[in-house]
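Subject: A structure for you to explore

Hello,

I am handing over the structure we talked about, and below it you will find my notes. Please open it beside this email and follow along as you read.

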Amino acid sequence: MFKRLLPLLVFVALAVLLYVGIEMSRTRDPNLIPSPLIDKPAPTFALPSLHEPDRVLSNDDFRGEPYLLNVWGSWCPACRVEHPYVDLIAKSGLVRVVGFNWKDDRGDALRWLQQFGDPYDPILVDRDGRAAIEWGVYGAPESFLVDAEGIIRYKHVGPIDPSVIEREIKPRLEAMRR
C-alpha cells in the first residue's frame, strides 16, 4: 500500500515546495539581496583611478563624507538604463557618486563615458574583479551607500531608478546627516 502512495506523496511535497517558492518570490523585492556587509566597514581597497591610472585611491580618500559607490561596466546593458539616474544623483548634489568600473577595458570604459556622460567623482578600476569579491558584488549594476565613517549602510542590486532614490537613498542620507 505504501509503495503505491509514495509517488503521490513525493508529488505533493514537490508541489508544496514550488508553491512556497512562488509565494516567497511575490512578496520579496528581487533587488533586496541580503548583504553581510550592511552596518560594517567597507572593505579595504587600493585601486587605480580610471582617468589617472597612476593614481591609486583607497578607503582613506573617501572618509569624512557619505558616498554612493556605483558598480558599472561598459559591457553592462542595465548600466545604460540606470545611468541617467546616477547622473541625476550626482548633479543634484545629494551625495558624492563614486564609480566602480568592474571587469572592463579602460578604452571601452572611457568611450562609454564620453558617449553617456561622466557623473562620477572619481572612478575606481577593478579590472580583475578581486575588489568586487570583497564588496560582495553579484553583478552590475549594484550600488552601495557608505556613510562618512566608511560604514556600508545600504546595498542596491540592479539599476537605480527614481523610486529607489526617493524610498531608499534619500531617507538613509537624511538619517546619516542627523
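Before we start, one definition: two strands pair if DSSP finds at least two bridges between them. With that in hand, look at E4 and E5, which pair in the parallel sense over four bridges. Please keep in mind that this is a predicted model.

**The overall picture**

The protein chain has 178 residues, and 42% of them are buried. Its secondary structure comes to five helices and seven strands. Among contacts with a separation of 6 or more, 71% are between residues 24 or more positions apart. The accessible surface is about 10400 Å², and carbon and sulfur atoms hold 59% of that.

**The sheet**

In what order do the strands of the open five-stranded sheet lie? The order is E5-E4-E3-E6-E7, and the pairing is mixed. E5 and E7 (152-157) are the edge strands, each pairing on one side only. On average, neighbouring strands here are turned by 20 degrees against each other, direction ignored.

You can see both senses of pairing for yourself. E3 and E4 run parallel and are joined by six bridges. E6 (residues 142-146) and E7, in contrast, run antiparallel, with five bridges between them. One place to look is leucine 145, whose bridge partner in E7 is tyrosine 154.

Helix H2 (residues 77-92) packs on this sheet, where the helix touches E3, E4 (96-102) and E6. The direction of H2 makes about 160 degrees with that of E3.

**Strand E4, residue by residue**

Seven of its seven residues are buried. Arg96, Val98, Phe100 and Trp102 point one way from the strand, while Val97, Gly99 and Asn101 point the other way.

Leaving out residues up to four places away in sequence, glycine 99 touches Asn70, Trp72, Tyr120, Pro122, Ile123 and Leu124. Glycine 99 and leucine 68 are 31 residues apart in sequence, yet their C-alpha atoms are 8.3 Å apart in space.

**Aromatic rings**

Eight aromatic pairs are found in the structure. In one of them, tryptophan 72 and tyrosine 120 are stacked, at 5.6 Å centre to centre and with 5 degrees between the planes. Why does this pair tie together parts that are 48 residues apart in sequence? Tryptophan 72 lies in E3 (residues 67-72), whereas tyrosine 120 lies in the loop between helix H3 (106-116) and E5 (123-126), so the pair links those two places. Tryptophan 72 is buried, with a relative accessible area of 0%, and tyrosine 120 is buried too, at 9%.

Another pair, tryptophan 135 and phenylalanine 144, is edge-to-face: 5.0 Å centre to centre, with 65 degrees between the planes. Both residues are buried. They also belong to one aromatic cluster, together with Phe45, Phe62 and Tyr67.

**The nonpolar core**

The largest nonpolar core has 44 residues. Which of them touch the most other members? They are Tyr67, Ile89, Phe100, Leu124, Trp135 and Ile169. E3 gives the most to this core, with five residues.

Not counting residues up to four places away in sequence, its contacts include Leu37, Pro43, Phe45, Tyr67, Phe100, Phe144 and Ile152.

Best wishes

Note on methods. Residues numbered from 1 in each chain as written. Predicted model: local features only at pLDDT ≥ 70, side-chain atom pairs only at ≥ 80, totals over all residues. Heavy atoms only, no water. Buried < 20%, exposed > 50% of the residue type's maximum accessible area, 1.4 Å probe, protein only. Contact = heavy atoms within 4.5 Å. Areas by Shrake-Rupley, 256 points an atom, 1.4 Å probe, with all protein chains shown as cover. Phe/Tyr/Trp six-rings, centres within 6.5 Å; stacked < 30°, edge-to-face > 60°. Axes fitted to C-alpha atoms, helices over the stretch in contact; angles between N-to-C directions. Core = buried A, V, L, I, M, F, W, Y, C linked by side-chain atoms within 4.5 Å.
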